[in-house]
Amino acid sequence: MMSEAPQDWSDHALWWEQRKCWLLRTHWTLDKYGIQADAELRYTPQHKPLLLQLPNMKTIQMTVSFSNVVFKTVIDICRILNIRRPEELSLLKPPDDASKKKKKKDKDSEQEDIWDIDLLSGGPSGTGPMYSKTMKATYDPENGMPMSATSVWFGENPLAESQANLPPAELAKMYQPLSLVDKAVNNAGWLDSSRSLMEQDIQDYDKLLLRFKYNVFFDINPKYDGVRITQLYEQARWSILLEEIDCTEEEMLMFASLQYHICKLTMSTEPLNNSNEPEIDEIEAALSNLEVTLEAGHTDKILEDITDIPELANSLRLFRPKRLTLRAYKEYWFVFKDTTISYYKNKEASSGEPIEQFHLRGCEVVPDVNVTEKKFGIKLLLPVADGMNEVYIRCDNETQYAKWKAACVLASKGKTMAYSSYKTEVKHIQSFLQMKNLAPPPGQAAPDVETMEMNAECFVSPRYAKKHKTKQLTARILEAHQNIAQLSLVEAKMRFIQAWQSLPEFGIKYYIVRFKGSKKDEILGISYNRMIRIDMSTGLPVTTWRFANMKQWNVNWEIRQVTIEFDQSVTIAFSCVSCDCKVVHEFIGGYIFLSTRSKDQNETLDEELFHKLTGGQE
């Protein structure tokens, strides 16, 4: 009879059930912890299996630390998956109705599609349909984390490959219309980064969503970020298909054409020719469009002397919305100087006093464009003491629009057209308009729909698919595809991410709050650079506060109230209705933490600073 191998207890630790905490200070006595004779202690492994749904909707099984704080656990997960900049991701609990009501029903079907990654034993067992390579990580029992700085892949990393689009019937089952309140409920489930999984009632084999939480994608490099770019693309793709973010019909077709192109390149039987990929330096230059630069960043360099700032002067049309009036645009002579727009009755009057001036620092710039209808508008939401003033400016053509829109975007951040990023922003807008142009390029015939094999409904949201016949939808996607048919796979994914970032609603997380002194619930939107107070009944913004103008913020943990102080003696206070106030507090602190990153730093994260900004003093 063979003797059993001795069991390894090195990963076990004591868990105090009543207090929901780990006893990890092994040099402390039980008395020092305050443990009495009736305390219930469990001797349990610190690393346990967890189901993680990735941004591409694939589920993997990983053995992760249930005793480390979530911030560190996510770093370990991303190291194994080979995703750089793990501080941009976090773990999200699925909404209760999705995770509990369907759990039993879908258990068997879910198990069929799970990729198993065993962090502890290094003994992987791939069961998913695409799992033809082994996922393996070497585990260091002394510090409870992988020994290597990156994951060890034998062959190509399957997570860097885009997933095939779902059949329309399956997509329709996943789709459900989302109101702002629904979005607020979905965003309530972000885990506390300063506490462990066990402390937040996460159990073995529970399912969590791994998502890009903070929408500031820093230092993307295709040479190292194959998985990161693909997972970013997948998160963007699903947000479009499930209408988690709003877009116009024209934009939906543009996204559909990019998906079709990526799908074609991914499923091509011919090996990808990497020689057609642009040089890394060229891609990095293009990626400056994609990096969302926070106000605290100083990466731009001024090209000209500050006294020689470029100006714009054109005849444009203006509309100021008023109650009970039709939208009538009136032509004026506009001059853009520094960060201010002035307008005059005509060009001759521009030497005198303007009719009005718009100071753009801190404003919201929203595109109002339909390329097909030759409509090139810019909506400006200008901050005033009691809310936002709405102004519409209409340009005559694409070139004019690109220059004025780029100038407005920079001015909203307090920057002028003398900054190097102005020309880059103009090119980025022109590229975006070209993608939205649904007409085939000059001299190129429209595609023959009859000879093309495409399930067009796979590439658009179910609601949009119902509005068009399949043949019509196919023709419009193929027409739009001709404008981007020369893009490589990496370029196409980057263009998709770029277009996603250009949507007005991009990056905004919604929460239901009650402002101090108010008698009704309202929506608070939090983005990478601002907070937006939104009327719940109309969905329209009431006021915007920019992080750049924030002086300090704090949380009263007894009454669970967040208080924020801005410049010009503006102070707001609110309590959270749809989630714990720690979730909102962590978003604010997290974005401020991410604004401290620079390319000069190495990739070592200042975890102490992150927890100082996000942890709170409960």
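Reply: Buried means under 20% relative accessible area, exposed means over 50%, and partly exposed is what falls in between. The model is predicted.

Me: Why is Cys579 called buried?

Reply: Cys579 has a relative accessible area of 12%. The limit for buried is under 20%, so Cys579 is buried.

Me: How do you know whether the sulfur of Cys579 is bonded to the closest cysteine sulfur or too far for a bond?

Reply: The closest cysteine sulfur is in Cys576, 4.6 Å away. A disulfide needs the two sulfur atoms within 2.5 Å, so this pair is too far for a bond. For Cys263 the closest cysteine sulfur is that of Cys458, at 8.0 Å, which is too far for a bond as well. Cys263 counts as buried, because its relative accessibility is 15% and the limit is under 20%.

Me: How many disulfides does a search of the whole structure find?

Reply: The search finds 0 disulfides.

Me: What makes Lys345 exposed or buried?

Reply: Its relative accessible area is 66%. Exposed starts at over 50%, so Lys345 is exposed. Lys345 sits in the loop between strand S16 (340–344) and strand S17 (356–359). Beyond its neighbours within four places in sequence, Lys345 has contacts with Glu331, Tyr332, Trp333 and Ile355.

Me: Why is helix H2 said to be largely enclosed by the rest of the structure?

Reply: Of the 12 residues of H2, 10 are buried, so the helix is largely enclosed. Among the buried ones are Val70, Phe71, Asp76 and Leu81.

Me: How do you know whether the span of H2 agrees with its number of residues?

Reply: H2 covers residues 70–81, and at 1.5 Å a residue its 12 residues should span 16 Å. The expected span uses one less than the number of residues. The end C-alpha atoms are 16 Å apart, so the two values agree. After H2 comes Asn82, with a positive phi near 70°.

Me: What makes Asp219 and Arg85 a salt bridge?

Reply: Their closest N and O atoms are 3.3 Å apart. The limit is within 4 Å, so the pair qualifies as a salt bridge. The pair links distant parts of the chain, 134 residues apart: Asp219 lies in the loop between strand S13 (207–212) and helix H7 (226–241), and Arg85 in the loop between H2 and strand S6 (89–92). Asp219 is buried at 15% relative accessible area, and Arg85 is buried at 7%.

Me: Why does the pair of Glu311 and Lys337 count as a salt bridge?

Reply: The closest N and O atoms of Glu311 and Lys337 are 3.8 Å apart. The cut-off is within 4 Å, so this pair counts too. Glu311, in the loop between helix H9 (280–287) and strand S14 (312–319), is 26 residues from Lys337 in strand S15. Glu311 is partly exposed, with a relative accessible area of 46%. Lys337 is also partly exposed, at 45%.

Me: Why is Met536 called partly exposed?

Reply: Its relative accessibility is 33%. Met536 makes a nonpolar surface patch of about 210 Å² with Val181 and Val185.

How values were computed:
Residues are numbered from 1 along each chain as its sequence is written. This is a predicted model: local features need pLDDT of at least 70, side-chain atom pairs count only at pLDDT 80 or more; totals for chains, interfaces and linings use all residues. Side-chain values use heavy atoms; hydrogens and water are left out. Helices (H or I, at least four residues) and strands (E, at least two) are DSSP runs, numbered from the N terminus. Buried means under 20% relative accessible area, exposed over 50%, partly exposed in between (1.4 Å probe, protein chains only). Contact means heavy atoms within 4.5 Å. Patches are made of residues with over 30% relative accessible area and no salt bridge: like charges are joined within 9 Å, nonpolar side chains (Val, Leu, Ile, Met, Phe, Trp, Tyr) within 5 Å. Accessible areas come from the Shrake-Rupley method with a 1.4 Å probe; for residues, only the protein chains shown count as cover. A salt bridge is a side-chain nitrogen of Lys or Arg within 4 Å of a carboxyl oxygen of Asp or Glu.
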